[in-house]
Amino acid sequence: MKRKKLGEAKGYLYIFPWIIGFLMFQLIPLVNSFRYSLTDIKLGGEYQFIGIENYIRMFTEDVDLFNSMWVTIKYIIMVVPAKLIFALIVAMILSMKIKGIRIFRTMYYLPSILGGSVAISALWRVMFMKSGIINNLIGTDINWLGDPKYALFTIGLIDIWQFGSSMVLFFAALKQVPRDLYEAAQIDGAGKVKVFFKVTLPLISPVMLFNIVMQTINALQNYTSAYVVTGGGPLKSTNIMALKIYEDAFVKSDLGYASAESWLLFIFLLCLSGFIFFTSKYWVFYSDGGGK
Amino acid sequence: MKKKKYIRWCSFILITVIGICMIYPLVWMFFASFKTNEEINLAVNLLPEHFDWSGFIKGWDSSGQYTFTDFFINTFVIVVPTVLFTVISCTVVAYGFARFSFKGNKLLFGVMLSTLMVPNAVLIIPRYLLFRDFGWLDSYMPFWMPALFACYPFFIYQEVQFLRGIPKELDEAAKIDGCNSFQILTRILIPILKPSMISICIFQTIWTWNDFMNPLIYINSVSKYPLSLALRMGLDVAASTNWNEIMSMACVSILPLVIMFFCLQKYFVEGIASSGLKG
Amino acid sequence: MKKKYLSLFMSVILAISSVVVFSGCGNADKGNKTDGQNTESSDEQVTLRFMWWGDDVRHQATLDVIEQYEKEHPNVKIEAEYGGYDGYFEKLTTQLSGGTAADIIQYNANTVSDLMAIGDVFVNLEDYADILDTSDFNQEFIKNFSYYDDKMIALPTGINGGIWLANTALFDEAGIDAETIKTWEDFIEAGKTLHEVNEEYYLFNIDIETLGKELLGSIMAQITGEDLINKDTMEMNFTKEELLKAFTLIHDMYENNVIEPAADSAPYALKLNTNPKWINHELAVVYGATSNIFDGYYDFQDTAEALDMPQFEDAKESGILYVPPQMLAISSKCEHPEVAADFLNYFYNDETAINTLKACRSLPATEKGQQICEENGYVDPVLVSAIDKAGETGTIHQNLYTPTEVVEILQDGVEKIAYNQGNVESITDDTMGLLEETLERLQK
């Protein structure tokens, strides 16, 4: 009995740093964030409790907020599927045991490491200028960064460009698919396309789910490229939620209101992942034999 | 059989083309740093007409008072402790979760995982105010402290998974040999955990190195700027935008990450494949 | 059993070592602070931070002055913190409220009410009157711009006028006589003519930021003869019809290709001189403040001319900008305000400093500064003529106290017009609605 108590105490001791960190840097800020969202706190000076006024303002006055939500949704719809499709195609080709796989893996993965840096955002600004290399290469005269029609796409390209990590995950999942399943399907006379949809896709669907959720969270958090490359413009066409919250908080000094907005984003994220998990019942296939 | 070969060739060409598109911007950036401003804007050629080092020399001097030497040092001062704190604290906490049964273990583990879902945007404002009250603004504490207190649930999760894969019999054997619980961790488990710990180091290095939002909010003095802020400063100096200087410094600033990637490639792939971390 | 306790002990050590490290750091921090206080009394090393925005010319000149001052005062180290204006204001407000702002701060005169809303962020310079001599300044300027709540919080760095800098070579090519451009109608006609001569040509080089945040205020002053907002009551000083008139003007300029399409000029916002069209002499007139026109901004010295600002026929006042380019203040968090004041005194009144700074912050606001600059020809004659014009007819209403939120809403409206997002009337309606809601909130 005593021994067990001692074991318990030790367990708590080892996780003690996390408990402190969780309280100080996560739980208390989370509670405070909600508390602030009910006040008119600014960067300086006193503040007072104003109830749900910030939330009312969000839905009645702030046109920009709807724009930012819409931009964020567009961004996710554009980036996440594109990323996953590229990742899957490349992973499948690589799993065909092609020569030089290491070189390819390096080529595809390198952007994922660098993509989040200011350096790449700076590069994008130079490459996508109207007189820049991209227009010169493909012979167009498009205003990639100045035209509201293209700006979000241009920013999204940075994100799509970083499909390497999803690819590595797919690649690992594809390796786990037992060979004999393919052979069995082929003996049954199924074509390549059918094999892909009936055998491959179901077997990698758990990884697919994981990738979708992670990439969605990542896309929601992305901030650097929109800030550095376009600064939210032109015409607020790249003013994603993360950027709007930052600006309301630290430019307009409206911390209380920005907190309320961040909760809207949080709830949106929860609904979205809830939705994805809910539908996953219907398309994610958990094999009991093939897994680890 | 002929058809199969044909498909293979097509696939090979396809991924080569995509691969070149992927890598082209980086190669272009490298060569652009040797070009003149006019060349960057107008020429389609990948290679510069002359290799011109002035972009590097002028760019490195940056503001005059502070050079990229300072910004590199600052970045290291942020990154190295953050990475060390993270790997140590996460390993210890993961050990606690994976090897000890105590009341609420499962619950706390669940709570820890659920913090993954909280977007950064929600925490950034209260954290800013908290750190302001602590007097931590314009210092590196906002980077070091969360690392010291294991605020990276993903890493803990990854290590717990790894530890669960190590048979408990190993611990028992060590216990019989007279090791205490801490010695079991340092002598038996850490050597086995090494690949997982290295991948944590790698990813934390990348994240902290590339981090832009946190320095933007917490660091004010140019003398304390990390590379990300220094690059951004170079971009917005109003007068003349010297793209070759910016491209040179952009290249230099990501060079350590590229070198690290080539040296530790094996761990990268293992790290992602085992936990799904994003670079 | 002993071993068990030993291992428990070890775990405790490990777990709380983190706490020890943490508190250790905290102590070290406090240690530094007391060090800082000691130096104050013993007059040893003093470090000040000086924060400004500008261009390369201004950066270099200011750095040189800092170096000179440091040479004369070996115990003082001044850390420079500078960049472009993009993002400067947000950085400043965050730092002031976080208590981490620089000791010497450059700010834009029209942001003063937002800055002072944070709290008592600047020291009263009159407290340091024995160190910092302000007698040589243009007293009119000091009276108008230095005081806030009866405290002298800052000093102007110079005299700034709005300039319509024209490349008359393009006018000649299109057969336009610059002298005949008096009204906005003339201006638009000239723009049409120029664009017809060559499709690549546009009359007016301006970006949406400058247009919406600065020029719109001037245009509105012509229409109403008032500031945009009454700073005491926080009410609008204009009607919907008046705003519509201004917005229609902006719409017409884009519609008739007087201004380069917004999408093309957007990447050069606040850096009009980096627009390739400007460099290639395809844009005829740039609007800006004289403080922003630096060496190398334009290269057509022989054909450069400062035009008059176009007017409405029934304009109530000129609308011409005539303000200090920036103000310099000392943070109330500064630990050595007397050293900072001494540096400012050097910065403004020392001849070497004036000769180093030249006109990098427009024409100086001090008698001696102006004299030295004029004698040595430090100021571009075109700029001098613009400043003279502005001095004669400059508007009284410079919109110094317009809240940022209001400026943002107006700029959003201008941006929508520039990108042709709907007709002018509905954009005006939307803008008025947003302004009313925001002002209602601010009035509370």
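Reply: A quick term first: helices here are DSSP runs of H or I at least four residues long, while strands are runs of E of at least two. Bear in mind that this is a predicted model.

Now to the contact itself. Chain A puts in 75 residues and chain B 73. On the chain A side, the most comes from helix H1 (residues 2-36), which supplies 19 residues. Sorted by class, that side of chain A has 51 nonpolar residues, 21 polar ones and three charged ones.

As for the rest of chain A, the unreviewed UniProt entry annotates "transmembrane region" at several stretches, among them 12-31, 75-96 and 195-214. Take residues 75-96 of chain A: that stretch is 91% helix and 0% strand, with its end C-alpha atoms 32 Å apart. Residues 195-214 of chain A come out at 100% helix and 0% strand, and there the end C-alpha atoms are 27 Å apart.

Along the principal axes, the C-alpha atoms of chain B fill a box of roughly 70 × 70 × 35 Å. Even so, 48% of the 279 residues in chain B are buried. And of the contacts in chain B with a separation of 6 or more, 75% are between residues 24 or more positions apart.

Technical notes: Residues are numbered from 1 along each chain as its sequence is written. Chains are lettered from A and ligands numbered from 1 in the order in which they are written. This is a predicted model: local features need pLDDT of at least 70, side-chain atom pairs count only at pLDDT 80 or more; totals for chains, interfaces and linings use all residues. A residue is buried if 20 or more other C-beta atoms lie within 10 Å of its own, exposed if 12 or fewer, and partly exposed in between; C-beta atoms are placed from the backbone. Two residues are in contact if their C-beta atoms, placed from the backbone, lie within 7 Å. UniProt positions are given in the numbering used here, feature names are shortened, and annotations may be inferred rather than shown by experiment. Ala, Val, Leu, Ile, Met, Phe, Trp, Tyr, Cys and Pro count as nonpolar, Asp, Glu, Lys and Arg as charged, and the others, Gly among them, as polar.
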